[in-house]
Amino acid sequence: MTDAKAIVRLRHALDAVPAYKPGKPAAARDGVTTYKISSNENPYPPLPSVLAVVEKAAAQMNRYPDMAVTDLTQALANHLGVPVERIATGTGSVGVLGQIIQATCDPGDEVIYAWRSFEAYPIVVALAGATSVQVPLDEHARHDLDAMAAAVTDRTRVILVCTPNNPTGPVVHQAELDAFLDKVPEHVLVVIDEAYLEFVRDGQAPDAIATYEERHNVAVLRTFSKAYGLAGLRVGYAVAHEPVAQALRKTAVPFGVSTIAQQAAIASLAAWDELAERVDALVAERERVVAALRHQGWPVPDTEANFVWLPLGADTEAFAKAADGAGLVVRPFPGEGARCTIAETEANDRLLEVARSFLAARTF
């Protein structure tokens with residue numbers, strides 16, 4: 001039998017693709033409730049009204065979904081006050097991000113983004129054969145927009161601005177974003193990635209939709225996975241001017257957004273007032289956890305998302321092990337820090353106890 005490895009030729013670009021490390025599930029433990037706080041999931045169960053729509057839509061699973069995602073696109077247009085022609089949907093915001101890179105980058109083109117930021121960025125860039133240009137965060141775990149502007153070359157095609165930044169939490173501010181955009185060539189697409197928008201309470205955070213309306217090279221990327229609690233259904237969208245939005249629809253996976261996902265997203269938009277109560281509760285918990293961690297002595301950066309960042313450096317894996325021993329699964333980034341999702345109150349309390357005990361044996 002012929003060795004397939006010796007014959008099948010795979011793309012060299014795959015050699016540059018880093019592996020995505022998903023948050024592992026919390027293993028069951030005798031006598032203790034375990035919590036997975038590694039994936040920034042919404043801890044609340046689906047709203048009854050949304051679940052009823054999902055159950056009804058499931059009866060149509062033998063049929064292909066509407067490939068044009070017509071009803072959801074119209075609902076988003078109404079919700080955001082933008083034309084339907086300027087909306088493109090996909091399988092979560094990461095799916096739409098892949099569409100953006102496919103639509104803009106040829107092999108060798110450059111994509112600039114802060115680092116550390118969303119770990120899917122280098123994956124989707126590498127899959128397109130493009131080159132990642134990673135600009136370090138500043139000392140406050142924030143985007144260094146001046147350095148990002150300085151990194152632009154004639155090969156730059158896209159700049160990704162993750163706000164709030166995943167995994168560290170801070171937002172960029174409108175004034176600094178405007179100053180940054182003034183420096184970016186008009187042919188370079190700037191994507192404002194707002195996966196955690198609904199958790200933001202900083203009054204200086206950008207109005208991304210207003211910014212996109214003023215600038216033809218700005219697109220806004222959002223998702224239903226976080227605040228809306230639809231992580232398992234995979235639906236996200238971009239708002240962009242017509243040429244870009246049209247290109248994103250061309251690069252979308254056909255029938256990628258299921259009927260169930262579409263109907264759940266529409267129902268979630270309609271139920272936003274009810275969902276907002278849950279978001280407010282998570283924000284209150286975030287503020288409580290951040291205050292407690294800082295009181296303990298942790299140098300936690302500002303966060304406007306549904307997670308906190310612990311800058312642990314070389315102690316990251318030791319902290320993750322200690323958390324695991326207490327029934328908590330956090331998201332470690334070895335040598336840098338750990339991201340911890342704001343979850344159920346008991347999980348948050350346990351995180352604070354693990355952090356207090358760990359810090360007692362460590363100095364910064």
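**View 1. Phe 307 stands opposite Thr 341 of strand β12 in this predicted model.** The two strands in this view, β9 and β12 (residues 337–341), run antiparallel and are joined by four bridges. They belong to an open sheet of three strands, in the order β9-β12-β11, with antiparallel pairing. Strands β9 (307–310) and β11 (331–333) stand at the edges with a single partner strand each, so one side of each has no neighbour in the sheet. From one strand to the next, the twist averages 20 degrees.

**View 2. Helix α11 lies across the three-stranded sheet.** This helix covers residues 316–325 and lies across β9, β11 and β12. Helix α11 runs at about 35 degrees to β12.

**View 3. Leu 351 is a buried residue of helix α12.** Helix α12 spans residues 345–360. The relative accessible area of Leu 351 is 1%, and because buried means under 20%, Leu 351 counts as buried. Leaving aside residues up to four places away in sequence, Leu 351 touches Ile 37, Val 289, Val 308, Phe 319, Leu 328 and Cys 340. Between Leu 351 and Val 329 there are 9.8 Å in space, C-alpha to C-alpha, while in sequence the two are 22 residues apart.

**View 4. Seven strands form an open sheet with mixed pairing.** The strand order is β2-β8-β7-β6-β5-β3-β4. Strands β2 (87–90) and β4 (131–136) are the edge strands, and each pairs on one side only. On average, neighbouring strands of this sheet are turned by 25 degrees against each other, direction ignored. Strands β2 and β8 pair in the antiparallel sense over four bridges. Ala 88 has Ala 238 in β8 as its bridge partner.

**View 5. Lys 226 lies in the loop between β7 and β8.** Strand β7 covers residues 218–223 and strand β8 covers residues 236–239. An unreviewed UniProt entry annotates Lys 226 as "modified residue: N6-(pyridoxal phosphate)lysine". Lys 226 has a relative accessible area of 16% and is buried. Not counting residues up to four places away in sequence, Lys 226 touches Ser 39, Asn 40, Asn 42, Ala 195, Tyr 196 and Phe 199.

Notes. Residues numbered from 1 in each chain as written. Predicted model: local features only at pLDDT ≥ 70, side-chain atom pairs only at ≥ 80, totals over all residues. Heavy atoms only, no water. UniProt positions renumbered as here; feature names shortened; annotations may be inferred. Buried < 20%, exposed > 50% of the residue type's maximum accessible area, 1.4 Å probe, protein only. Contact = heavy atoms within 4.5 Å. Pairing = 2+ DSSP bridges. Axes fitted to C-alpha atoms, helices over the stretch in contact; angles between N-to-C directions.
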